Amino acid sequence: MTIPLNPITANLPLFMGLDRKLIINVEDLDQVDYNQANVILNGEALEVLKKLPDSIIQTVVTSPPYYGQRDYCTQDQIGIEKTPNNYLNRLLEIFDQIKRILKEDGTLWLNIGDKYIDGSLAGLPWQLAIALKERNWILRSDIIWYKPNAMPSSVQNRPTTDHEYLFLFAKNPKYYYDADAIREPHVTFSDNSKMRGGRNHLGKKGGTPEQGKNAGNSNLHNGRWDQAFHPKGRNKRTVWEVPLSKFREAHFAVFPEKLIEPCIKAGAPEGSLVLDPFFGAGTTGLVSLNLGRKFIGIELNKQYCEIAVKRIFSI
Ligand SMILES: C[S@@+](CC[C@H](N)C(=O)[O-])C[C@H]1O[C@@H](n2cnc3c(N)ncnc32)[C@H](O)[C@@H]1O
């Protein structure tokens with residue numbers, strides 16, 4: 001069967017030596033080569049996910065529509081349900097499917113925003129996180145995305161919100177996570193620090209002062225070498241400062257590339273497959289390709305699929 005080409009995908013230049021469709025309709029899913037990937041599946045997330053094979057994805061990086069926030073101009077869009085519970089239940093069904101298609105050592109990085117309902121913060125990120133735990137997801141981290149350039153607001157009776165959550169979930173207790181790929185600079189014993197006793201051990205394992213002047217300083221002991229002197233830096237922390245992105249073509253918030261780079265570097269080895277079931281303008285695909293990973297995107301709105309294709313493949 002030949003697949004009808006739409007104006008964008010019909011005129012694509014060869015990409016990575018492949019002459020093929022980059023947007024696939026839900027009816028044509030049997031045409032997808034999951035080994036090749038780098039494709040956008042145009043359809044409703046739950047409906048598409050149900051048709052994907054088990055255990056093909058290494059990591060999922062996604063930001064579902066927030067509750068009651070935006071109109072994505074499509075039937076079946078998520079976020080416009082009558083009650084927050086209906087919204088959460090739809091997401092839970094989607095994440096059940098995501099667990100099925102994740103590899104056994106796979107992970108999920110989930111960014112989700114909250115909502116004031118009748119003047120009271122609904123706590124939707126944590127409601128969702130706890131419901132996912134009840135469905136046997138393992139919650140490994142609640143990362144705070146701190147936005148230094150968050151929109152100012154006129155509220156006078158509470159602090160202005162300038163953070164969101166980014167949860168890291170694992171499917172199983174043993175999962176792929178490359179901590180070395182996302183280490184950050186040491187603070188206590190950096191090259192600039194005045195603490196000579198510590199600085200001398202930067203990058204050099206062994207010879208920490210178990211005895212002598214610094215004996216008893218637990219920061220300097222061999223057991224803590226990894227934390228204080230690892231040559232690639234200290235283990236990544238849970239507060240990530242990342243400014244909001246400036247991509248203007250989409251009329252919704254897109255991921256800043258810097259926010260999801262660590263998720264992809266730590267969550268997926270090179271060449272493995274990253275999924276975003278709420279693909280939007282395709283930041284997850286763009287960053288995955290830039291980092292030598294492959295991607296699959298799912299997106300309900302055809303126009304957004306086309307924006308994403310143009311952005312990712314620079315056409
Ligand atoms: C917050 S945006 C994602 C933005 C994305 N992270 C990026 O960097 O561009 C959420 C996206 O989910 C899509 N969406 C909403 N309901 C959906 C559904 N039921 N199935 C698939 N996609 C859906 C919207 O059209 C929108 O593009």
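**Helix packing, sheet and ligand shell**

Helix 7 and helix 8 sit oblique to each other, a label for angles that are not under 35 degrees (roughly parallel), over 145 (roughly antiparallel) or 65 to 115 (roughly perpendicular). Keep in mind that this is a predicted model: local features need pLDDT of at least 70, side-chain atom pairs count only at pLDDT 80 or more, and totals for chains, interfaces and linings use all residues. Numbering starts from 1 along each chain as its sequence is written.

**The helix pair**
- Helix 7 (residues 257-267) and helix 8 (residues 283-290) pack at about 55 degrees, axes 10 Å apart; helices are DSSP runs of H or I, at least four residues, and strands are E runs of at least two, numbered from the N terminus.
- Axes are lines fitted to C-alpha atoms, for helices over the stretch in contact, and angles run from 0 to 180 degrees between N-to-C directions.
- Glu257, Ile260, Glu261 and Ile264 of helix 7 meet Thr283, Thr284, Val287 and Ser288 of helix 8 (contact: C-beta atoms, placed from the backbone, within 7 Å).

- Nine strands make an open, mixed sheet in the order 1-2-11-10-3-4-8-7-9, where pairing takes at least two DSSP bridges.
- Strand 1 (23-25) and strand 9 (239-241) are the edges, each with a single partner strand, so one side of each lacks a neighbour in the sheet.
- Strand 4 (residues 102-112) runs antiparallel to strand 8 (residues 163-170), joined by six bridges; Thr107 has Ala170 as its bridge partner in strand 8.

**The ligand**
- The ligand is surrounded by 24 residues, the closest being Ala45, Tyr72, Phe278, Gly280 and Thr283 (C-beta atom, placed from the backbone, within 6 Å).

Technical notes:
Two residues are in contact if their C-beta atoms, placed from the backbone, lie within 7 Å.
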